[in-house]
Amino acid sequence: MGPIVTLAGLPEWIDLLIALAIGIGFGFALEQAGFSSSRKLAGMFYGYDTTVIKVFFTAAIVALVGSQFLSYFGLLDLNLVFVNEFYVSAAIIGGIIMGAGFIMGGFCPGTGLSALSIGKIDAMVYAAGGLTGAFLFAETYPYIQNLANGHYKGPVRIDEALGISPGFFTFLLIAAAALMFWIAEIAEKKFARPDITDKI
Amino acid sequence: MNPYLAGTMLGLVLLLAMYLSGRGLGASGGLKYCVVSIVGAVDRQHADNSVYYSKYFENDSKPLKNWLTLEILGVLIGGFISGAISGRLKLVVEKSPKISAGRRLAFAFLGGVLFVYGAQLARGCTSGAALSGMAVLSLAGFVTMMAIFGSAYLFAWFFRKNWI
């Protein structure tokens with residue numbers, strides 16, 4: 001039963017080796033998805049390339065449905081899997097700042113690293129900016145502590161917040177994703193930019 | 001690769017991380033540990049006196065010996081392998097022909113600063129907060145995801161000349 005490392009009490013070095021292996025799979029999947037191209041990623045926000053939404057929601061649904069099945073068959077204890085804690089104002093304001101960074105830089109941190117690894121110079125500069133951003137956050141932390149830690153709600157789940165079962169929420173999410181994929185296909189035809197997409 | 005197939009592969013990697021280590025994927029966290037480690041090496045006194053850095057050096061712990069740091073090292077290796085297989089290894093500045101390389105790089109740097117600053121505040125980026133959060137039904141994950149994409153759509157109009 002999983003999580004293996006926690007329940008089997010495996011030593012730290014094995015967990016770190018798993019981290020390296022998971023990272024290799026993560027970087028490989030991001031690069032194969034075409035996320036090493038900033039113009040492909042940015043296409044999401046202008047409609048000419050909607051790969052981002054397709055990959056992102058497919059991945060979330062595969063992991064969500066997969067983990068629920070593993071839990072149902074007694075193969076994974078979901079109580080031992082990390083659930084992100086909800087700091088309301090930090091999540092919203094942090095998200096807005098990230099969105100601005102996304103459209104300016106053309107990458108998010110993970111896709112930036114995958115682009116860097118294949119030699120994109122803009123991604124190397126983006127990563128240098130990322131390290132600078134982490135440094136600035138650490139240095140300004142004393143002034144924004146209240147914002148960062150305010151309105152704390154704990155590791156609350158969305159199905160609890162809505163008062164519905166996890167299974168029903170998963171069903172709604174799949175339906176919403178199917179609708180978005182359909183809209184994405186229409187958008188790619190309507191906002192097609194062959195001059196850009198032929199190159200990427 | 002077909003986006004739905006690539007998404008399935010990404011989802012299976014995330015599921016494996018949950019099953020093996022009980023955690024999701026991340027990218028910005030690894031960058032943070034690199035910065036913490038550099039600051040500790042350059043000015044240990046500053047790190048020990050700071051409310052932010054000091055917690056990473058308690059009990060003689062080494063910030064680089066960390067799940068997230070090894071994971072992003074793996075991301076670089078995995079990305080490189082994929083690029084090599086698909087013949088995409090090339091030193092290049094990717095940009096719209098309408099803008100200069102300098103402009104592209106300036107915006108890339110600024111974007112990196114903002115994205116990772118926001119990710120530290122929200123305790124995760126598109127991978128750690130949005131994707132991994134959604135996979136465990138975390139409310140924070142869904143809210144962060146909507147804030148990131150909503151804001152990027154809102155700002156897209158202002159920066160359209162950089163891309164289209």
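**Stop 1: helix H3 of chain A**

Select the buried residues of H3 in chain A and look at what surrounds them. They pack against helices H4 (51-72), H5 (88-105), H6 (109-117), H7 (121-149) and H10 (194-197) of chain A. H7 of chain B is also a partner. Keep in mind that this is a predicted model.

Color them one by one: A:Ser38, A:Arg39, A:Lys40, A:Leu41, A:Ala42, A:Gly43, A:Met44, A:Phe45 and A:Tyr46. Note that A:Arg39 and A:Lys40 are on that buried list. Now step just past the end of the helix. A:Gly47 has a positive phi of about 90° there.

**Stop 2: chain A as a whole**

Trace it from the N terminus: the order is α-α-α-α-β-α-α-α-β-α-α-α. The C-alpha trace spans about 50 × 45 × 35 Å along its principal axes. Of the chain's 200 residues, 49% count as buried. Then consider the contacts in chain A between residues at least 6 apart in sequence. Of these, 68% join residues at least 24 apart.

Go to the start of the chain. Select A:Gly2 and A:Pro3. The peptide bond between them is cis, with omega near 0°. A:Pro3 sits in the segment before helix H1 (4-8) of chain A.

**Stop 3: a helix pair across the chains**

Which residues make the contact? From H2(A), pick A:Asp15, A:Ile18, A:Ile22, A:Gly25, A:Phe26, A:Ala29 and A:Gln32. From H1(B), pick B:Ala6, B:Met9, B:Leu10, B:Val13, B:Leu16, B:Ala17, B:Leu20 and B:Ser21. By class, this contact has eleven nonpolar residues, three polar and one charged.

**Stop 4: the whole interface**

**Stop 5: the nonpolar core**

Next, select the largest nonpolar core, which has 115 residues. Which members touch the most others? A:Ala60 and B:Leu14 do. H5(B) supplies the largest share of the core, eleven residues. Both domain 1 (1-90) and domain 2 (93-164) of chain B contribute at least three residues each.

Center the view on A:Ala60. Leaving aside residues up to four places away in sequence, A:Ala60 touches B:Gly11, B:Leu131, B:Met134 and B:Ala135.

**Stop 6: the domains of chain B**

Color chain B by its domain assignment: domain 1 covers 1-90 and domain 2 covers 93-164. The C-alpha centres of the two domains lie 18 Å apart. Nine residues of domain 1 are in contact with eleven of domain 2. On the domain 1 side, H2(B) gives the most, with four residues. That side divides into four nonpolar, four polar and one charged residue.

**Stop 7: two loops with positive phi**

Stay in chain B. Select B:Asn59, in the loop between helix H3 (44-49) and H4. Its phi is near 50°, a positive value in a residue other than glycine. Is B:Asn59 buried or exposed? B:Asn59 has 4 C-beta neighbours inside 10 Å, so it counts as exposed.

Move on to B:Leu137, in the loop between H6 and H7 of chain B. Phi of B:Leu137 is near 60°, again positive in a residue other than glycine. B:Leu137 has 24 other C-beta atoms within 10 Å. The cut-off for buried is 20 or more, so B:Leu137 is buried.

Note on methods
Residues are numbered from 1 along each chain as its sequence is written. Chains are lettered from A and ligands numbered from 1 in the order in which they are written. This is a predicted model: local features need pLDDT of at least 70, side-chain atom pairs count only at pLDDT 80 or more; totals for chains, interfaces and linings use all residues. Two residues are in contact if their C-beta atoms, placed from the backbone, lie within 7 Å. Ala, Val, Leu, Ile, Met, Phe, Trp, Tyr, Cys and Pro count as nonpolar, Asp, Glu, Lys and Arg as charged, and the others, Gly among them, as polar. Domain bounds come from an automatic or database domain assignment. A residue is buried if 20 or more other C-beta atoms lie within 10 Å of its own, exposed if 12 or fewer, and partly exposed in between; C-beta atoms are placed from the backbone. A nonpolar core is a set of buried Ala, Val, Leu, Ile, Met, Phe, Trp, Tyr and Cys residues joined through C-beta atoms within 7 Å.
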